[in-house]
2 protein chains.
Amino acid sequence: MADILHRIGVLSSPDDVYAALTTVEGLANWWTEDTDGDGAPGGVLRFRFEPGGFDMKVLEARPGRRVLWEVVDGPAEWIGTQVGFDLKQEDGFTIVLFRHEGWREPVEFMYHCSTKWATFLMSLKQLLETGTGAPAPRDVRISNWH
Amino acid sequence: MADILHRIGVLSSPDDVYAALTTVEGLANWWTEDTDGDGAPGGVLRFRFEPGGFDMKVLEARPGRRVLWEVVDGPAEWIGTQVGFDLKQEDGFTIVLFRHEGWREPVEFMYHCSTKWATFLMSLKQLLETGTGAPAPRDVRISNWH
């Protein structure tokens, strides 16, 4: 098993970060514009991109603290993996500890997703600090795999 | 053991990417301006940042193909870990497969370094594509840990 880990600090409240992780409007403003579904526990969120997308079942959503999703549809490598966001306050920042865990093998696609998650988390930070993120299809291009 | 993985594609030749990974001038233009030492096999490169730095022993440097360093001085969590860059050509890009491997525990500092490496790899990409990277101390701030 292999995990992708990231840490950012957002100059915003935990409640604002939490809203960006649990509402369709918030998610559409930093990850992909083509987002719908339900971000509450038991709900399913659907994220779509040019080449495909991901369906996430919401396993946990604790306001201001923690969001945890399980991938229920999408690329084979993602199915069954979990994506988690833990929030805490530190030095005026809301710290986001991000984990995309349970990859069966550290395949090249995992390398790509790791870098891509970093750029999307920076998009989340920018959204909350400036009002404008860079969700797909306006996301930062990192390679031939987009 | 835990590893940080990333993948970027650079619109530049493998030789140019290799030069940016093995020369003091190249490294200073995307990672940290305060770089010196020797990027050839057996050499030691010294990278310094505001709060400290890293000394890397060059284990491998195969032109246009692969660079591998071992961390010989720096933060306790880094010592003994290895940082590798594998290069290949694909769709007109030079693909960089990056690994920072051998972390003993997935500590919070590892989460931070994972995201920070992503921003530095984007700096490498920008340097080679536009002529200007964002090395420390002009690097992208991601949190209270810088």
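In this tour, a residue is called buried under 20% relative accessible area, exposed over 50%, and partly exposed in between (1.4 Å probe, protein chains only). The model is predicted: local features need pLDDT of at least 70, side-chain atom pairs count only at pLDDT 80 or more, and totals for chains, interfaces and linings use all residues. Residues are numbered from 1 along each chain as its sequence is written, chains are lettered from A and ligands numbered from 1 in the order in which they are written, and side-chain values use heavy atoms, with hydrogens and water left out.

**First stop: Glu70(B)**

Select Glu70(B), which counts as partly exposed because its relative accessibility is 26%. Glu70(B) sits in strand β5 of chain B, residues 66-73; helices (H or I, at least four residues) and strands (E, at least two) are DSSP runs, numbered from the N terminus. Next, display its contacts, meaning heavy atoms within 4.5 Å. Beyond the neighbours within four places in sequence, Glu70(B) touches Asp55(B), Met56(B), Lys57(B), Leu59(B), Gly80(B), Thr81(B) and Gln82(B).

**Second stop: the two chains together**

**Third stop: the interface**

Now select the residues in contact between the chains: 30 residues from chain A and 30 residues from chain B. In chain A, Leu5(A), Arg7(A) and Tyr111(A) lose the most area to chain B, together 30% of what that side buries. Between them the chains bury about 2500 Å², 58% of it on carbon and sulfur atoms; buried area is the accessible area (1.4 Å probe) that two parts lose on being put together, summed over both. Why do the copies meet through the same surface? They do so because 100% of the interface residues of chain A are also interface residues in chain B.

Look next for salt bridges, each a side-chain nitrogen of Lys or Arg within 4 Å of a carboxyl oxygen of Asp or Glu. Four of them cross the interface of chain A and chain B. Select Arg7(A) and Glu108(B), whose side chains form a salt bridge at 2.8 Å, N to O.

Side chains of opposite charge can pair when their charged atoms come close. Select Arg138(A) and Glu33(A), which meet in a salt bridge of 2.8 Å, N to O. Arg138(A) lies in the segment after α3 of chain A and Glu33(A) in the loop between α2 (24-28) and β2 (34-37), so the pair ties together parts that are 105 residues apart in sequence. Arg138(A) is partly exposed at 46% relative accessible area, and Glu33(A) is partly exposed at 41%.

Move on to Asp139(A) and Lys116(A), joined by a salt bridge of 3.0 Å, N to O. Asp139(A) is in the segment after α3 of chain A and Lys116(A) in helix α3, 23 residues apart. Are these two residues buried or exposed? Asp139(A) and Lys116(A) are both buried.

Finally, select Glu60(A), Arg66(A), Asp86(A), Arg99(A) and Glu101(A), which are linked in a network of salt bridges.
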